[in-house]
Amino acid sequence: MNRKIFLLLLIALPFSALYAQENKIDKNKIKEDLDEIINDIAQNYVYLQEKKVDLNCIKAFYTDAIKNIKSEEETVLFFEYLLDEFYDNHLTLRTNRDASFRLFAPVYTTIVNGQFIISNVWQSQIEGLDKNIIGAEILEFNGVDFEQAIKNFPTHCNDKDFPETKEWIANKILAGRYNKPRILTLKLISQEKIEIDLDKIKIKNESDLLTSQTIDGIGIIRINNSLGNDDLVREFDKTLDQLSGTNGLIIDLRNTIFGGDSYEARGIMSRFISEPKPYQMHAYIAKSKNNPDIKRSWVEYVSPRLEQYKKSVVILVGRWTGSMGEGLAIGFEGMGRAEIVGTEMRRLAGEVFDFGFKNQWYGYKLSTRKLYHINGTIREKYLPTHYVKQSTNTNDEILQKGLTLIKEMIK
């Protein structure tokens, strides 16, 4: 082949590929799917009336944005950003791309006197962070003023000055995009300014469903983000039987970031009661076209199973205790079988169900039912009875508090 012709073909190839990709994007189908997801949210999202989001704004803005979509990745991000408008970690698209935002970070920030303060660090699950950054103010993210980074966040119909929304966006920024760095500029309590690369903080990789140990006659079972694996119940049974001679038990739920299923939760709780016990309440609004909305609610019970562990129990929770991990904690407390120690949990609101698009192969999750502690507290507002305000990421303050408490309970 003539060398000049070959070079011309080589240069033209990316443009041809891009043109072909653009031609594959059917914007009419995207509009159909946009109408579908907005309708599903309007009809099924149980928190819609409580969110400071204008659904009409969403419909207008995202309808207009369809004309700018040029690739499959942009289609994914289009629907991802739409769900982000509701500042709810339980509303997720069931796929992601390199430019998608991660689901969480190993640090958590709260707004204190108008400043973004590092209030929690995933102390139980990280390595490689020797400096204490609790209480540090976030100044910049990837060199951009943090307030400006929030203004730049790709949502358009929520109120970014509303504290709940603003805090949610701040933590989504810390989670970062998969294909971008996460460099924080911090001002420590000592006034020293430092930079932290969140991607250099190593997250412990634990392949076992759970791990266990004994400290001073107290058994400790740590669930390793496995509440969605049915095999956990069998493994928990075996481990609990091995610890049957301990003076008390601590169950550590601080690494249940992805939640799980009620099968695992009920399987675990069933080993600690001698009769059926209520552990959570469900509620949702039943709708009928042109008729009044009717609230429906019911209490879910767990039944005893196998030999019971009858001694004192403490549950450890934190910001990375998610969904069914949160349900397990409030369930133990609701049954009167454990004391809860720790910080706020992940605060994933409600019970989620899967929905599907007509034209996209992936779907999305919406919260359609609210979940409550037996005492009536909605799950995402629950605070541990034995609250621990994290003051350092160099010591495990929650475990220390749990051990102190359970020794007092045993006495």
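**Helix pair.** I first looked at helix α2 (residues 27-44) and helix α3 (residues 55-65), whose axes come within 11 Å and cross at roughly 170°. Because angles over 145 degrees count as roughly antiparallel, α2 is roughly antiparallel to α3. The axes are lines fitted to C-alpha atoms, for helices over the stretch in contact, with angles from 0 to 180 degrees between N-to-C directions; helices are DSSP runs of H or I with at least four residues, strands are runs of E with at least two, and both are numbered from the N terminus.

I then noted which residues meet, contact being heavy atoms within 4.5 Å: K31, L34, D35, I38, I41 and A42 in α2 meet L55, I58, K59, Y62 and T63 in α3. By class, I found seven nonpolar, one polar and three charged residues in this contact.

**Source notes.** The model is predicted, so that local features need pLDDT of at least 70 and side-chain atom pairs count only at pLDDT 80 or more, while totals for chains, interfaces and linings use all residues. Residues are numbered from 1 along each chain as its sequence is written, and side-chain values use heavy atoms, with hydrogens and water left out.

**Cores.** Which residues touch the most other members of the largest nonpolar core? I found I37 and I133, in a core of 71 residues, and helix α4 (residues 72-84) gives the most to this core, with seven residues. A nonpolar core here is a set of buried Ala, Val, Leu, Ile, Met, Phe, Trp, Tyr and Cys residues joined through side-chain atoms within 4.5 Å. Leaving aside neighbours within four places in sequence, I37 is in contact with F79, L82, L83, F357 and Y364. Apart from this core lies another, of 32 residues, including L210, A265, M269 and M345.

**S119.** I found S119 in strand β3 (residues 115-121), and at 18% relative accessibility S119 counts as buried, a word that means under 20% relative accessible area, with exposed over 50% and partly exposed in between (1.4 Å probe, protein chains only). Not counting residues up to four places away in sequence, S119 touches Y108, T109, T110, I134 and Q390.

**I203.** I placed I203 in strand β9 (residues 202-203), where I203 counts as partly exposed at 36% relative accessibility. Neighbours within four places in sequence aside, I203 is in contact with P106, W122, Q125 and I126.

How values were computed: Parallel < 35°, antiparallel > 145°, perpendicular 65-115°, else oblique. Nonpolar A, V, L, I, M, F, W, Y, C, P; charged D, E, K, R; others polar.
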